[in-house]
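Colleague: Hi! I'm new to this one, could you walk me through it?
Modeller: Happy to, let's bring it up on the screen.

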Amino acid sequence: MYGTDIYLDQTSSTTDLASAFAQVLGVSTKRVVVMDQEDYEQLGSTWANPKIAMVLRTSSLRGDFPVALEIRLREDTPDLRTLLSGAARLLGASILTDELVVNPLFTSDWLMFTPDGDVIVIEADEEEFAADEPAIVLTPESRRVYEARQRPAERLATTASS
Amino acid sequence: MPSCQKTNMCAIVWMSSPVSVSPQLTPTGTVDPHPLPHPEPLVPTPAAHPFNRLACSDPVVDRGSRQQGPDRLPTHARDTVALSGSGGQAITMRDRGVATMDRSPEDREKNRPKHRISAPLRSRHALESINRNSRPNNRNSVVLPGIDTGRETELIRQGYADSLGNNRWRINGRVYVRKGNERGTLYPESGEGVRSLSRFEFKALVLLISFGGYTEDAQRQFARDDLLTDDVVLVAFELYDLRSKK
């Protein structure tokens with residue numbers, strides 16, 4: 001059994017989330033359940049069903065990656081790189097994890113999987129993440145890297161809206 | 001059965017930063033020839049702590065099997081948690097790598113960081129700063145109450161710590177590692193009063209904080225979550241206990 005937290009830069013519907021992760025895992029969408037982080041009752045009953053392959057618990061936070069997902073899998077050592085890379089592509093979202101960075105002590109470092117398949121180490125403001133209301137806020141240098149990796153259409157949209 | 005006895009009092013060093021030097025008794029009753037002035041123990045002494053289990057010499061033992069029900073944790077927690085121990089041997093501060101002020105300028109220069117350093121982020125590492133909204137990292141290095149990481153950073157900066165190479169320094173029994181970013185942020189890595197919590201140990205601690213302890217509601221949540229095993233909750237409970245006693 002395995003669990004970790006990931007952060008997405010864009011919201012998706014629960015259907016899209018379940019569909020994307022099910023596709024990457026190669027299982028039916030029914031075997032991936034999305035629920036609220038606080039819903040412990042549902043967690044207990046859902047996970048008791050051995051047919052459920054994955055649970056995604058959602059919550060939100062401030063900042064550049066406002067969607068938090070706690071992911072749970074039956075297997076102990078899943079291929080997280082493949083999982084996140086595939087999910088980023090299918091959801092069209094950049095995904096952060098701190099599981100695969102070089103030194104786990106350096107809590108400001110994150111590994112970002114982009115929709116285009118890039119995998120980049122970026123840095124977020126550690127103080128913001130440790131704040132009373134946590135946020136993932138990219139450092140100016142990492143923000144430049146992040147923005148450069150956004151798809152052209154999204155870049156145009158960002159420019160138009162700013 | 002836990003292997004440590006509640007009567008087996010262990011020596012716990014007093015850890016802090018030096019200001020003046022005069023002979024004084026260590027908490028174990030021996031005279032420390034190189035005493036440090038700060039009289040505050042950073043962890044409770046065995047006699048002062050209401051649960052003597054926290055001062056036994058063995059690390060966590062007898063984790064036990066996973067139990068369901070409201071009384072599964074307290075039994076474990078009271079019997080098996082260890083903070084630090086010496087096996088009953090007297091340990092002086094010097095033995096533990098506690099900083100002393102009698103270091104020569106050459107020695108200080110040798111041990112001084114070559115690049116800028118800044119203190120660990122208190123809101124991230126101080127046990128008492130963790131709150132119900134705190135989010136975990138993959139590893140979470142937590143510093144117990146009473147440890148002044150800001151002051152230890154200053155001592156490292158002045159060359160009073162032992163440089164271990166590879167951007168690491170040891171002071172007062174704790175090892176700090178410097179991140180190679182612009183600010184040179186230090187991270188408490190290991191040693192006296194530094195705990196490295198896993199993601200789910202941290203989550204369990206946050207749950208305990210949210211529920212105000214190992215309440216029935218908290219137990220219900222733990223029972224529904226297979227990743228919050230007894231072992232995980234035990235670690236969290238020990239820290240919650242220390243945090244509450246602050």
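**Loops, sheet and contact**

Modeller: Let's start with Asn166(B), which sits in the loop between E4 and E5 of chain B. Keep in mind that this is a predicted model.

Colleague: Okay. What is the phi of Asn166(B)?
Modeller: Phi of Asn166(B) is positive, about 55 degrees, although the residue is not a glycine.

Colleague: Is Asn166(B) buried or exposed?
Modeller: Asn166(B) is exposed, because it has 7 other C-beta atoms within 10 Å, and the cut-off for exposed is 12 or fewer.

Colleague: What about the loop between E5 and E6 of chain B, which residue is found there?
Modeller: Asn172(B) is found in that loop. Its phi is positive too, near 50 degrees, in a residue other than glycine.

Colleague: Buried or exposed, that Asn172(B)?
Modeller: Asn172(B) has 28 other C-beta atoms within 10 Å, so it is buried; the cut-off for that is 20 or more.

Colleague: Let's turn to the strands. What is the order in the sheet of chain B?
Modeller: The order is E4-E5-E6-E7 in chain B, an open sheet of four strands with antiparallel pairing. At the edges are E4 (162-165) and E7 (186-191) of chain B, each of which pairs on one side only.

Colleague: How many degrees does the twist average from one strand to the next?
Modeller: The average is 30 degrees.

Colleague: And how many bridges join E4(B) to E5 of chain B?
Modeller: Three bridges join E4(B) to E5, residues 168-171 of chain B, and the two strands run antiparallel. As one example, Gly165(B) has Arg168(B) as its bridge partner in E5(B).

Colleague: Which helix packs on the sheet?
Modeller: That is helix H4 of chain B, residues 149-157, which touches E5, E6 (174-178) and E7 of chain B. The direction of H4 makes about 115 degrees with that of E5(B).

Colleague: New topic: how many residues does each chain put into the contact?
Modeller: Chain A puts in 24 residues and chain B 22 residues.

Colleague: Which elements of chain A supply at least two residues each?
Modeller: For the side of chain A that touches chain B, those are strand E1 (2-8), helix H2 (40-47) and helix H4 (126-129) of chain A. H2(A) gives the most to that side, with five residues.

Colleague: What kinds of residues does that side of chain A have?
Modeller: The residues there divide into eleven nonpolar, four polar and nine charged.

Methods: Residues are numbered from 1 along each chain as its sequence is written. Chains are lettered from A and ligands numbered from 1 in the order in which they are written. This is a predicted model: local features need pLDDT of at least 70, side-chain atom pairs count only at pLDDT 80 or more; totals for chains, interfaces and linings use all residues. Two strands pair if DSSP finds at least two bridges between them. Axes are lines fitted to C-alpha atoms, for helices over the stretch in contact, and angles run from 0 to 180 degrees between N-to-C directions. Two residues are in contact if their C-beta atoms, placed from the backbone, lie within 7 Å. Ala, Val, Leu, Ile, Met, Phe, Trp, Tyr, Cys and Pro count as nonpolar, Asp, Glu, Lys and Arg as charged, and the others, Gly among them, as polar.
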